[in-house]
Amino acid sequence: VQLQASGGGLVQAGGSLRLSCASSGRTFSGRAGGWFRQAPGKEREFVAAISYDDNNIEYADSVRGRFTISKDNAKNTIYLQMNSLKPEDTAVYYCAVRRFHLVGTTNYEYWGQGTLVTVSS
């Protein structure tokens, strides 16, 4: 299983970016997908997750209301739309596939390589 994350870059505070995570096969079929991030000097943290059927979504408190996770099963891709970005959102963002079909913050089995998001003030 390969996950390819893309869409990161440099943006000013208040701006938007959309991250994409394409899988090599039907990786997200029957499984939840998620996004995590790791800022310099900090541990990796959960950002958002979406269930296999898109019916359940979970967000970290720090991004709720600003970020939106979505999934396109036909394209085997999950997305993270990030609006109203803040300097504290600066991190390497990773996509992942969970072992299970429902959302959660742990038990992720496959990971993408990460894409860097830098938000300037």
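Between which two strands is the loop in which Asn76 is found? In this predicted model, the loop that holds Asn76 runs between strand E7, residues 67-72, and strand E8, residues 77-82. The backbone of Asn76 has a phi near 50°, which is a positive value in a residue other than glycine. Asn76 has a relative accessible area of 18%. Because buried means under 20%, Asn76 counts as buried.

A positive phi is also found at Asn107, a residue other than glycine, where the angle is near 65°. Asn107 is placed in the loop between strand E9, residues 91-98, and strand E10, residues 108-111. The relative accessible area of Asn107 is 38%. This residue is therefore partly exposed, as that class covers values between 20% and 50%.

A search of the whole structure finds one disulfide. The disulfide joins Cys21 to Cys95, with an S to S distance of 2.0 Å. The angle about the S-S bond is 60°, and the link of Cys21 and Cys95 is right-handed. Both Cys21 and Cys95 are buried.

How values were computed. Residues numbered from 1 in each chain as written. Predicted model: local features only at pLDDT ≥ 70, side-chain atom pairs only at ≥ 80, totals over all residues. Heavy atoms only, no water. Helix = DSSP H or I, 4+ residues; strand = E, 2+ residues; numbered from the N terminus. Buried < 20%, exposed > 50% of the residue type's maximum accessible area, 1.4 Å probe, protein only. Disulfide = S-S within 2.5 Å.
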